[in-house]
Amino acid sequence: MGDSLRERSKARRRDAILTAAHEPFAERGFDATSIADITEAAEVSPRTVTLYFPSKPELAMAHFNAFVDELARTLRARPEGQGILDTVEKWLREQAAARSEFDRLHDRMLQTDPQLKGLCRGRLTEVVQDGARLLAEEQGRRPDDFAPRILAATVASVIGELMHRSGPGDLETAMAFIRAAAATLSTD
């Protein structure tokens with residue numbers, strides 16, 4: 001039980017640091033926010049911040065990296081016989097249902113800082129490349145074929161848009177678009 005309490009305490013501290021960083025990142029910008037600002041708001045020492053997040057960019061990217069890592073794990077662990085697009089749709093629905101106030105704060109942070117937004121797109125590209133390989137396998141194609149690569153890039157763009165601005169019906173529209181693109185590409 002002690003380990004569980006310790007782990008929960010660490011998770012709360014980590015979340016407090018993330019929130020203490022993302023609020024000024026969203027309001028004043030990434031560059032204008034210092035580690036000292038974050039430590040003061042989180043009521044922790046600079047050493048504590050760097051134990052959890054070795055650099056300020058890692059602190060800014062931690063939430064997005066967790067999001068992308070979860071997508072990658074979900075794609076690799078999908079049930080046998082479940083297609084990639086069905087897996088992505090199910091995952092996107094789960095993400096939409098679980099959106100939190102922190103997710104909205106993170107979105108605001110990215111909207112105010114094109115550099116961080118670019119880092120996120122670069123990180124998503126890594127998962128897209130893995131997704132293209134999985135799509136190629138599913139379609140019986142080579143991993144470097146154009147169709148799975150362009151479809152994976154389309155899926156990544158849609159995920160990026162849904163992550164930042166989505167309303168009622170947007171997921172259905174997005175998945176219809178992706179499935180239509182997939183059908184068009186599978187005929188070549």
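The model is predicted, so local features need pLDDT of at least 70 and side-chain atom pairs count only at pLDDT 80 or more, while totals for chains, interfaces and linings use all residues. Residues are numbered from 1 along each chain as its sequence is written, and side-chain values use heavy atoms, with hydrogens and water left out. Helices are DSSP runs (H or I, at least four residues), numbered from the N terminus.

**Pockets**

- A pocket is an open set of points, on a 1 Å grid over the protein atoms alone, with protein on both sides within 12 Å along at least five of seven lines; lining residues have an atom within 4 Å of a point.
- The largest pocket has a volume of about 430 Å³, a volume being the space filled by probe spheres set on grid points that are joined across faces, edges and corners.
- Its lining has 23 residues, and Phe 67, Gln 95, Arg 99, Asp 103 and Met 163 lie nearest the centre of this largest pocket.
- Two or more lining residues of the largest pocket come from each of α1 (2-27), α4 (56-76), α5 (84-97), α6, α8 (146-164) and α9 (170-185).
- Helix α4 gives the most to the lining of the largest pocket, with six residues.
- By type, the lining of the largest pocket holds twelve nonpolar, five polar and six charged residues; Ala, Val, Leu, Ile, Met, Phe, Trp, Tyr, Cys and Pro count as nonpolar, Asp, Glu, Lys and Arg as charged, and the others, Gly among them, as polar.
- The second largest pocket contains about 290 Å³ of space.
- Of the 16 residues lining the second largest pocket, Arg 121, Leu 124, Thr 125, Ala 156 and Ser 157 lie nearest its centre.
- Helices α7 and α8 each supply at least two residues of the lining of the second largest pocket, and the largest share, eight residues, comes from α8.
- The lining of the second largest pocket divides into seven nonpolar, five polar and four charged residues.

**Cavity**

- A cavity is a set of grid points where a 1.4 Å probe fits but cannot get out, and the count comes to one cavity of 30 Å³ or more.
- The largest cavity has a volume of about 120 Å³.
- It is lined by 14 residues, with Leu 75, Val 88, Gly 131, Ala 152 and Val 155 nearest the centre of the largest cavity.
- The elements giving two or more residues to the lining of the largest cavity are α4, α5, α7 and α8, and α7 has the largest share, five residues.
- The lining of the largest cavity has 13 nonpolar residues, one polar and no charged.

**Helices α6 and α7**

- Helix α6 (residues 101-112) packs against α7 at an angle of about 110°, with their axes 5 Å apart; axes are lines fitted to C-alpha atoms, for helices over the stretch in contact, and angles run from 0 to 180 degrees between N-to-C directions.
- The two helices are therefore roughly perpendicular, a term for angles of 65 to 115 degrees.

**Single residues**

- Arg 123 lies in helix α7 (residues 114-139).
- Arg 123 counts as buried because its relative accessibility is 17%; buried means under 20% relative accessible area, exposed over 50%, and partly exposed in between (1.4 Å probe, protein chains only).
- Asp 144 is in the loop between α7 and α8, and counts as partly exposed at 47% relative accessibility.
- Asp 144 and Leu 51 are 93 residues apart in sequence and 40 Å apart in space, C-alpha to C-alpha.

Definitions and conventions: Angles under 35 degrees count as roughly parallel, over 145 as roughly antiparallel, 65 to 115 as roughly perpendicular and the rest as oblique.
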